[in-house]
Amino acid sequence: LEQADWNVSPTHFQASSFPNHWQRRISVIHDGVDTRRAAPLANPEPLTLPDGTVLEKGQQIVTFVNRRLEPYRGCHTFLRAIPDLQRQSPEARIVIVGETKGVSYGAVCPDGEWKDQFLAQIEGQYDASRVHFTGTLPYEQFLPLLQLSACHVYLTYPFVMSWSLLEAMACGCAVVGSDTAPVREVIRHGSNGLLVDFFSPADLASPVAELLRDRERAEAFGVEARRTVVRSYDLNVCVQRQLALMDLVASSSINA
């Protein structure tokens, strides 16, 4: 950082984590999302999950994505919310994407795997036949899943914002996210999604169930969510900003 002429951070939250001395030499420009590929479809094709379950447009599909299931990305809150969510929305199909072993960011589970620990806490309280763990999905199946999703849940500690959130928004998903700094950067509560207490399963289940019932509101959130990504996080927009910054640095037109 000291040797660099200038620096780039993908989000304001990440930039704000640096001391002020370095913040003065950081531009916030995201890497960008291909919004032509990650886009809503009026009539998406059915998708067959690895367990053979066929998902179709019109189903109450709730999606949740972690690189690996771990508390850093809110798996504890999401899994604990399943019984309450199923009581309110018994027809919901809950699809959980990500590896179920190990961690990517946080602490290793002290006893087995995080998934198993939190599922054990709700054992006998939920319908496991309607909860689907896909493992890692290839991108060619991941985007179609988001295009079918009726509600996407994204939870994270104050940490790096996942690309999956922006991709879900670009696909027009109605998002329920954690009321934490990285998520507040893109989700405006009541405008392009809903924000809830990161640690409260009950606070999470109710708005998800509400959006499954109120499809008009969910679709309005999805439209506004996509507009947010197209306006500020589209790949072409971000690349042009990156190139413009390079020109400024190369010409010595920018300095702290």
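This is a predicted model: local features need pLDDT of at least 70, side-chain atom pairs count only at pLDDT 80 or more; totals for chains, interfaces and linings use all residues.
Local features were taken only at pLDDT of at least 70, and side-chain atom pairs only at pLDDT 80 or more, while totals for chains, interfaces and linings use all residues. Residues are numbered from 1 along each chain as its sequence is written, and side-chain values use heavy atoms, with hydrogens and water left out.

In soluble globular proteins, nonpolar side chains tend to be buried together. The largest nonpolar core of this model has 35 residues. A nonpolar core is a set of buried Ala, Val, Leu, Ile, Met, Phe, Trp, Tyr and Cys residues joined through side-chain atoms within 4.5 Å. Buried means under 20% relative accessible area, exposed over 50%, and partly exposed in between (1.4 Å probe, protein chains only). The residues with the most contacts inside this core are V62, F78, I96, L204 and V208. Helices (H or I, at least four residues) and strands (E, at least two) are DSSP runs, numbered from the N terminus.

Another core lies apart from the largest one. This other core has 32 residues, among them A38, V186, I187 and V229.

Helices α3 and α8 pack against each other. Their axes come within 8 Å and cross at roughly 45 degrees. Axes are lines fitted to C-alpha atoms, for helices over the stretch in contact, and angles run from 0 to 180 degrees between N-to-C directions. α3 and α8 are therefore oblique to each other. Angles under 35 degrees count as roughly parallel, over 145 as roughly antiparallel, 65 to 115 as roughly perpendicular and the rest as oblique. From α3, the contact is made by T77, F78, R80, A81, D84, L85 and Q88. From α8, P201, A202, L204, A205, S206, V208, A209 and R213 take part.

A second pair is formed by α6 (residues 163–170) and α9. These helices pack at an angle of about 120 degrees, with their axes 7 Å apart. That angle makes α6 oblique to α9. L166, M169 and A170 of α6 meet G222, A225, R226, T228 and V229 of α9. Helix α6 is mostly covered, with seven of its eight residues buried. The buried residues are S164, L165, L166, E167, A168, M169 and A170. Their cover includes β5, α5 (139–148), β8, β9 (175–178), α7 (181–184) and α9. After α6 comes G172, which has a positive phi near 85 degrees.

In α4, the buried residues are W114, K115, F118 and L119. They cover an arc of only 120 degrees around the axis, so they sit on the same side of α4. The arc is that of the directions from the helix axis to the C-beta atoms. What covers these buried residues includes α3 and β7 (131–135). L119 counts as buried at 13% relative accessibility. Leaving out residues up to four places away in sequence, L119 touches L79, Y126 and F133. L119 and I82 are 37 residues apart in sequence, and their C-alpha atoms are 9.5 Å apart in space.

Further residues bring together separate parts of the chain. F221 is in helix α9 and is buried, with a relative accessible area of 4%. Its C-alpha atom is separated by 7.6 Å from that of V175, 46 residues apart along the chain. Beyond residues up to four places away in sequence, F221 touches A174, G190, S191, N192, G193, L194 and L211. H132 is in strand β7 and counts as buried at 3% relative accessibility. H132 and T53 are 79 residues apart in sequence, but 8.4 Å apart in space, C-alpha to C-alpha. With residues up to four places away not counted, H132 touches L49, D51, T53, R93, I94, V95 and I96.

S252 is found in the segment after α10 (235–250). S252 counts as exposed, at 59% relative accessibility. This residue has a positive phi of about 60 degrees although it is not a glycine.

Methods:
Contact means heavy atoms within 4.5 Å.
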